[in-house]
Amino acid sequence: MVKIWANVTRVVRAPARAARRLTHAQGAGRTGLGRLIELTAAHSAGDALVTVALAGALLFGLPVGQARGQVAAYLLITMLPFAVVAPFVGPVLDRLRSGRRYIMAGTLLARGLLCWGMAGAVHTSDAVTLFPSALAVLVLSKAYNVSRAAIMPSVLPADIPLVTANARVALFALVSAGVGAGLATGLSAVAGPDWVLRGAVPLFLLSGVFAVRLPRHVDAPDLEEDEPRPRWRTVLNLGPVVGEAMGANAAIRVQSGFLVFFLLFLVQDGHLRGVDPKVALALLAGAAGAGGLAGAAAGSWSRSRSPHLTVMATLALATVSTVAAAFFFTVWTAAVVALVGAFAQGLGKLAFDAIVQREVGEEVRSSAFGVAETLLQIAWVLGGLLGLVMSLFVAGPAGLGVMSAALALSFGRLVMLRRRRLAARAAPAT
């Protein structure tokens, strides 16, 4: 037994050391970025466990018509707490800047306790407990993401651009989420989704302990009482650069939600012929996962100092791929548009985070991220509802044609706004 344990430990230590070398490279270990990457990877793995468990408990195995109703209800219920609660998370974090480590730890510890309660609710089919707990876990996850994004400049090494640092965090988060989802799928098949949630409990609790061990310089002094409090008009008027980047990311997020549910129900309704539905779903899911990883990897390798151009390029890429898929619609072009859409969403969000971190002052940075997360979540939900409804009435080419037109209009509008802004800046002062 001792020999077996020694062999297991040796197998685990090798990839752990390799991951540590990558997360702590280029001074990231010295500034605290490495620890933040590792903490976010654990956070993403826990979220993947929760997602797989809830999907197994709520959606899979239902008839198509009933699944549509469940999905629509879930999307609407998901959007409501973000519209009401999430915008207030940012201002709270701005007021408590000296305790950011403890706030991040609190979100992780609370999710661990909620997962324990959700496991019992799944086992007893207690929807009254399950849905509020799931929504609370979702809001706490976004609160962690807002806090993580706000502290990024304080752990940034001198020779790593913001886009690259954000991408490095996202890349490790995606890999850990993929590993967590795979393990959760296997455990759910063997023991049930309630045991997946129980497995998430120690992961979240240990992550909460490690969050407190982040470097102290991630905390900042609280606002003095005589300083003006951030106002909503300040948060919602952060300048044209942030506004344009927000508009581009919202358009990409609408496309992402649309593709997920439109293509899902096209497959379940049998409109993607020539391939088994299970194979088609696996192909689309694999393409989306590969696109997300490619977006994070591209951001990690990029040395671009112009994240605004990166955002515009991702929207243009998403538009072109959707137009092409509308004209040449097959399961393979659907997979390509899923891959490109996930790539654009991942890379565009990384660039947007860098823009906010660079353009927005620390006194309202958390509020800006809170509002952005809310708007992007609502955009994704609206896109998902649009895809859900259109899958009832139109075929693949028509649906993608509508989305292509919407993306093209969004891109054209943003290009016009950018040209006007640059022209106004270049005009001589009178």
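Predicted model: local features only at pLDDT ≥ 70, side-chain atom pairs only at ≥ 80, totals over all residues.
1. H6 itself covers residues 100-124. With 25 residues, H6 reaches 36 Å from its first C-alpha to its last, close to the 36 Å expected at 1.5 Å a residue.

2. Now for the partner of H6. Helix H9 (residues 193-212) has an axis that comes within 8 Å of the H6 axis, and the two cross at roughly 165 degrees. Angles over 145 degrees count as roughly antiparallel, so H6 is roughly antiparallel to H9. The crossing of H6 past H9 is left-handed. Sorted by class, the contact of H6 with H9 has 18 nonpolar residues, along with 4 polar and 4 charged ones.

3. Helix H8 spans residues 162-191 and has 30 residues. From first C-alpha to last, H8 reaches 42 Å, close to the 44 Å expected at 1.5 Å a residue. After H8 comes glycine 192, and here too you will find a positive phi, near 105 degrees.

4. Do have a look at glutamine 357, which sits in helix H14 (residues 331-359). Is glutamine 357 buried or exposed? Its relative accessibility is 4%; the cut-off for buried is under 20%, so glutamine 357 counts as buried.

5. What does the side chain of glutamine 357 join in a polar contact? The partner is the side chain of asparagine 166, at 3.1 Å.

Key: Residues numbered from 1 in each chain as written. Heavy atoms only, no water. Axes fitted to C-alpha atoms, helices over the stretch in contact; angles between N-to-C directions. Helix = DSSP H or I, 4+ residues; strand = E, 2+ residues; numbered from the N terminus. Parallel < 35°, antiparallel > 145°, perpendicular 65-115°, else oblique. Left-handed = near helix turned anticlockwise from the far one by under 90°. Nonpolar A, V, L, I, M, F, W, Y, C, P; charged D, E, K, R; others polar. Expected span 1.5 Å × (residues − 1). Buried < 20%, exposed > 50% of the residue type's maximum accessible area, 1.4 Å probe, protein only. Polar contact = N/O pair within 3.5 Å; in protein donor to acceptor, adjacent residues only side chain to side chain.
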